[in-house]
Amino acid sequence: MDIRILPLPAEKAKAKITDESQLGFGRHFTDRMLLVEWRAGQGWCDARIKPYEPFVLDPACMVFHYAQEIFEGLKAYNWVDGKVALFRPEMNARRFNQSADRLCMPAVPEDLFLGGIERLVALEQEWIPTAPGTSLYIRPAMIAVAPVLGIKPSDHYYFYVILSPVGAYYDSGFSPVSIMVEDHFVRAVPGGTGEAKTGGNYASSLKAGLDAKKKGFDQVLWLDGRERRYIDEVGAMNMFFVYGRTIVTAPLTGSILPGVTRDSVLKLALTLGYEIEERPIDIHELMADIRNGKVTEAFGSGTAAVITPVGRLSYKNETLQLCGGAVGEITQNLYDTLTGIQAGTVVDTFGWIRFVDIQ
Ligand code: COI
């Protein structure tokens with residue numbers, strides 16, 4: 001599909017962030033965005049890259065009432081040789097369409113998803129930060145825009161992509177975060193939308209997140225929705241627990257997000273000589289294993305969070321320290337290797353990097 005490039009008027013061009021240490025996460029947006037529409041009977045149409053600006057939407061739009069919405073997150077990296085690299089974007093394209101299917105939304109053809117992102121990133125190349133640990137976060141999303149209050153799939157959608165130069169997701173950067181295991185609220189139930197990347201999963205997690213913050217923790221770790229016994233995920237991260245040289249994570253049972261970084265960690269771990277196990281993790285056993293020193297490290301993974309060490313885990317009335325509150329050796333090794341591949345300083349033997357065609 002042809003993508004029209006609309007002019008960027010001088011007054012819509014923003015000042016770049018010069019101090020990259022102040023970027024934070026998702027607070028600044030580039031000058032342009034991609035917008036493509038889907039209409040019943042017509043399919044995908046009117047693809048354009050246009051100045052970044054607010055949507056004018058009818059207050060009755062279905063997304064506002066029934067949350068028919070999905071999104072993705074991936075990153076572009078500025079390499080020292082001037083190349084611009086995307087990390088496994090095909091996986092995001094695939095997962096976007098799995099989410100679309102779950103939410104009864106139209107699939108976005110992979111060449112439109114990837115081609116649209118590449119054209120946009122190429123035009124916005126000068127927004128990609130260069131400091132270590134920074135990148136250009138890419139946020140594709142799809143929303144239902146038909147102004148109809150009846151509950152049914154919309155007949156009009158916007159697929160759009162916005163870009164945000166980012167630093168670390170957590171204000172503390174690459175240092176251990178503290179996590180509270182939620183034993184009352186649940187994030188997902190079998191058969192629900194837990195494995196789809198849809199806004200409702202995040203909206204329903206806010207209450208527990210605020211409670212955890214009040215108690216002095218950075219994040220919530222969700223247990224399974226049936227028994228509140230097995231580890232699911234942290235909203236923005238899949239979780240890993242290190243037992244000596246074995247890295248254990250929860251299996252993809254349908255209620256957790258199939259993370260691109262999760263998959264990359266599992267593949268990297270094997271090549272780095274570690275064992276991996278995908279198995280149900282019982283919270284009571286996990287706490288006992290931390291208490292008696294069997295669990296030597298813990299970390300989370302996500303596109304935004306990259307690999308984030310966990311220094312404290314709290315369940316009910318007990319808070320345990322992991323790895324003496326420091327960054328563990330295996331966590332550090334995985335972080336260095338993964339971020340090295342993404343930045344182009346470690347050879348990508350997996351074929352994960354896709355370069356953006358910058359003309
Ligand atoms: C990501 O890691 O890309 C996410 O979407 C997590 C969060 C920022 C919602």
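**Entry 1. Terms and basis**

I took buried to mean under 20% relative accessible area, exposed to mean over 50%, and partly exposed to mean in between, with a 1.4 Å probe and protein chains only. The model is predicted, so I noted that local features need pLDDT of at least 70, that side-chain atom pairs count only at pLDDT 80 or more, and that totals for chains, interfaces and linings use all residues. Residues are numbered from 1 along each chain as its sequence is written, and side-chain values use heavy atoms, with hydrogens and water left out.

**Entry 2. Cysteines**

I looked for disulfides, a disulfide being a pair of cysteine sulfur atoms within 2.5 Å. The search of the whole structure returned zero. For cysteine 45, the nearest cysteine sulfur belongs to cysteine 61 and is 15 Å away, and cysteine 45 is in no disulfide. I then checked burial: cysteine 45 counts as buried because its relative accessibility is 12%. Cysteine 61 is likewise buried, at a relative accessible area of 1%.

**Entry 3. Salt bridges**

I counted a salt bridge where a side-chain nitrogen of Lys or Arg lies within 4 Å of a carboxyl oxygen of Asp or Glu. Side chains of opposite charge can pair when their charged atoms come close. The whole structure holds 22 salt bridges.

Glutamate 124 and arginine 32 form one of them, at 2.7 Å from N to O. This pair links distant parts of the chain, 92 residues apart: glutamate 124 is in the loop between helix 3 (110-123) and strand 7 (135-144), and arginine 32 is in strand 2 (residues 32-39). I took helices (H or I, at least four residues) and strands (E, at least two) as DSSP runs, numbered from the N terminus. Glutamate 124 is buried because its relative accessibility is 1%. Arginine 32 is buried too, with a relative accessible area of 17%.

A second bridge joins glutamate 37 to arginine 48, at 3.0 Å from N to O. Here the partners are eleven residues apart, with glutamate 37 in strand 2 and arginine 48 in strand 3 (residues 43-51). Glutamate 37 has a relative accessible area of 7% and is therefore buried. Arginine 48 also counts as buried, at 12% relative accessibility.

An α-helix has 3.6 residues a turn, so residues three or four places apart point the same way. Is lysine 267 buried or partly exposed? Lysine 267 is partly exposed, with a relative accessible area of 36%, whereas aspartate 263 is buried at 18%. I also noted that salt bridges with shared partners join Arg4, Glu37, Arg39, Asp46 and Arg48 into one network.

**Entry 4. Helices**

I compared helix spans with the expected span, which is 1.5 Å times one less than the number of residues. The twelve residues of helix 6 should span 16 Å, and the end C-alpha atoms are 17 Å apart, which agrees. Nine of these twelve residues are buried, so helix 6 is largely enclosed by the rest of the structure. Among the buried residues of helix 6 are Val260, Val265, Leu266 and Leu268. Glycine 273 follows helix 6 and has a positive phi, near 95 degrees.

Helix 3 has 14 residues and reaches 20 Å from its first C-alpha to its last, close to the 20 Å expected. Its buried residues include Leu112, Phe113, Leu114 and Ile117.

Buried residues in helix 2 include Pro89, Phe96 and Ala100. Cysteine 104 follows helix 2, and its phi is positive, near 55 degrees.

**Entry 5. Ligand**

Which residues surround the ligand? I found Phe71, Gly73, Tyr137, Arg139, Tyr169, Lys197, Tyr202, Thr303 and Ala304 around the ligand, a residue being near a molecule if one of its heavy atoms lies within 4 Å of it.

An N or O atom in the side chain of tyrosine 137 is 2.5 Å from an oxygen atom of the ligand. For the side chain of lysine 197, the corresponding distance to a ligand oxygen atom is 2.8 Å. Alanine 304 places a backbone N or O atom 2.8 Å from an oxygen atom of the ligand. Taken alone, the ligand exposes 280 Å², of which the protein buries 89%; I used accessible areas from the Shrake-Rupley method with a 1.4 Å probe.

Conventions
Polar contact = N/O pair within 3.5 Å; in protein donor to acceptor, adjacent residues only side chain to side chain.
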